[in-house]
Amino acid sequence: MGLTIGLLLALSFVVSLFALAFLIWAVSSRQMSFDQAQARTIFVAGEEGRPDDPGTAPETDEKVPHHYDPARAGIDSVSARPVTALLASAVSWLVLGSLFGLTASLKLHWPDWLDSAAWLTFGRVRTLHLTLVIYGWSSLGLIAIVMWVAPRMFHTKLRHPNLPIIGAVLWNVALVVGTVAIANGWTDGEEWLEIPWQVDILLAVAGSFFVLPLLRTAAARNVRHIYVTGWYWMAAICWFPVLFVVANVPYVFMGAEQATVNWWFAHNVLGLWLTPLAVGAGYYFIPKIIGKPIYSYSLSLLGFWALALFYSQVGIHHLIGGPVPTWVVTLSIVHSVMMFVPVIAVAINQHVTVAQNSWALKTSVPLRFISLGAVCYTLASFQGSVGAIRSINTVVHFTQYTVGHAHLGAYAFVSFTLFGAIYHMMPRVTGRAWPWPRTITLHFWLVVAGFGIYFFSLTIGGVFQGLAMLDATRPFEDSVTLLKPYLEGRSVGGALMTAGHLLFSAHFTAMLLRRSPEVPHPAPMATTPAVAA
Ligand code: HEM
């Protein structure tokens with residue numbers, strides 16, 4: 001057994017011991033309670049039954065009286081600065097990352113466009129796009145949600161509120177340096193790990209500044225039970241550093257082993273980082289906006305533990321047909337299919353809660369964003385589990401179908417959840433209403449229509465591409481030329497998505513520049529959890 005595999009196994013063993021200790025603690029301290037009453041942990045006394053959407057619907061709406069909860073003003077005021085710093089950074093990276101994505105897309109059917117400078121070639125622009133939307137927009141945006149929701153959920157103020165600000169500054173410095181490095185052709189050359197490992201050290205240090213505030217706030221909570229969102233988030237904030245550091249260790253993993261570690265990492269960025277953060281956000285915002293607890297609380301905990309058990313080996317399905325041991329690939333396919341369990345648990349909970357309260361979709365655009373994000377999570381996960389099966393994979397592997405699938409998960413699920421959460425949060429963070437509420441609906445339709453065009457173009461084009469590549473009677477060139485209209489379709493969809501992002505960022509900036517009236521902001525006071533401490 002090679003040193004690296006031995007090292008990985010030893011590390012997995014240590015991590016598993018920690019996980020086992022957590023499970024024992026969860027059972028012994030009755031955190032695994034299957035009592036539906038624990039689903040009410042997120043409410044304060046008197047809050048249940050009252051829809052909660054400060055951002056978009058007029059306060060005068062007779063049918064659904066929206067309400068600002070004064071009880072949380074004190075808690076929100078402590079989180080406001082770190083959350084603003086994190087969100088402002090995330091939104092800036094969204095704009096830049098989308099522009100790089102659109103450029104990369106256009107270059108695939110206008111290959112002569114912008115071909116005079118090395119940093120504008122497809123390979124670099126695509127890499128910049130991926131790096132900025134994942135590490136800039138999605139990661140920082142989701143961390144902002146954690147820093148805002150965790151104190152509310154734990155009914156106590158955020159501990160160490162300056163640490164996330166320092167973390168955000170260092171993270172941004174690492175991303176700026178990483179961007180310049182990639183643009184100049186200095187990369188580690190591994191997908192999702194293109195930022196040079198020397199710069200990744202700074203990113204890892206920056207990330208450590210987010211861990212303590214979450215864990216200390218959880219430890220100081222004023223409710224006994226840790227709501228399911230807390231489980232997802234605390235796990236993610238412990239999983240990601242392990243993944244990131246192991247995958248970045250230089251000069252250890254070589255050849256096929258390097259590819260294995262690369263895909264183990266790359267897929268786990270989705271499954272053990274972005275997914276638990278965004279699913280956890282859905283579990284908070286959906287019942288909170290509707291004003292009713294989640295459909296089945298026991299199912300939600302089952303979903304969390306099933307994700308923890310099954311996800312970590314999923315990534316190797318990217319190497320089906322590659323020069324890695326068959327058992328490693330087969331294990332990954334089995335895990336991929338087993339992911340139906342946690343995904344169905346989340347789907348039943350989140351979709352049934354929304355379906356039983358569909359009236360709320362009419363008044364709350366944030367809820368529309370978040371519940372559509374949840375639907376896209378279900379679809380992306382089902383698509384991923386089915387796509388991992390060898391017979392299907394043979395057709396869609398190495399085609400644009402995979403890029404469509406990646407955007408269903410990384411874009412539609414994560415970004416729609418983020419948009420909805422940000423629209424919900426910002427009036428509380430700034431104490432102001434959104435300046436141009438109608439543009440929120442416009443943003444929604446731009447990105448939904450844009451994404452629909454993007455996804456269906458690549459999914460259909462990808463299947464034709466795969467079938468053409470498998471047909472030994474056709475020249476390879478056929479699989480390239482037939483794609484052109486589908487790639488053009490993707491650019492149209494991507495342009496609409498980018499337009500939506502520009503509109504969103506202008507609106508967000510206007511909000512920060514205080515272009516809207518203040519909402520009545522009651523004096524801070526202590527909160528009383530709906531469930532006894
Ligand atoms: C926040 C928004 C977005 C996220 C999270 C995101 C995520 C991703 C991911 C994960 C990939 C890698 C896919 C793979 O290799 O399988 C990717 C590639 C790509 N994305 Fe995006 N994306 C976003 C927005 C956009 C937009 C607005 C466009 C505009 C057209 C776009 C165009 C592209 C292109 C052209 C590629 C490269 C595909 C290839 O290698 O053939 N993306 N993106």
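## Report on a predicted helical model

G452 lies in helix α15, which covers residues 438-470. Helices in this report are DSSP runs of H or I with at least four residues, strands are runs of E with at least two, and both are numbered from the N terminus. The structure is a predicted model, in which local features need pLDDT of at least 70 and side-chain atom pairs count only at pLDDT 80 or more, while totals for chains, interfaces and linings use all residues. Residues are numbered from 1 along each chain as its sequence is written.

**Confidence**

The pLDDT value is the predictor's confidence in each residue, on a scale from 0 to 100. Its average over the chain is 91, and 92% of the residues score at least 70. Over residues 56-66 the pLDDT stays under 50, and for this stretch the model has 20 contacts beyond four places in sequence. Two residues are in contact if their C-beta atoms, placed from the backbone, lie within 7 Å.

**Annotated domain**

An unreviewed UniProt entry places the feature "domain: Cytochrome oxidase subunit I profile" at residues 263-504. UniProt positions follow the numbering used here, feature names are shortened, and annotations may be inferred rather than shown by experiment. This span is 82% helix and 0% strand, and its end C-alpha atoms lie 33 Å apart.

**Around the ligand**

The shell around the ligand holds 24 residues, of which G101, S105, V133, A406 and G494 come nearest. Two or more shell residues are given by each of α2 (73-109), α3 (122-154), α14 (400-430) and α17 (484-512). The largest share, 7 residues, comes from α14. By class, the shell has 11 nonpolar, 11 polar and 2 charged residues. Nonpolar here means Ala, Val, Leu, Ile, Met, Phe, Trp, Tyr, Cys and Pro, charged means Asp, Glu, Lys and Arg, and the others, Gly among them, are polar.

**Nonpolar core**

The largest nonpolar core has 141 residues, and L86, A144, V146 and A236 touch the most other members. Helix α3 supplies the largest share of this core, 20 residues. Such a core is a set of buried Ala, Val, Leu, Ile, Met, Phe, Trp, Tyr and Cys residues joined through C-beta atoms within 7 Å. Leaving out residues up to four places away in sequence, L86 touches L140, I143, A144, M147, P164 and A168.

**Single residues**

A residue is buried if 20 or more other C-beta atoms lie within 10 Å of its own, exposed if 12 or fewer, and partly exposed in between, with C-beta atoms placed from the backbone.

L114 is in the loop between α2 and α3, and H155 is in the loop between α3 and α4 (162-183). L114 is not a glycine but has a positive phi of about 55°; H155, also not a glycine, has a positive phi of about 55°. H155 is buried because 23 other C-beta atoms lie within 10 Å. L114 counts as partly exposed because it has 15 C-beta neighbours inside 10 Å.

G452 is partly exposed, with 13 C-beta neighbours inside 10 Å. R50, in the loop between α1 (3-28) and α2, is partly exposed with 15 such neighbours inside 10 Å. L331 belongs to helix α9 (residues 326-338) and is partly exposed, with 15 other C-beta atoms within 10 Å.

Conventions
A residue is near a molecule or strand if its C-beta atom, placed from the backbone, lies within 6 Å of it.
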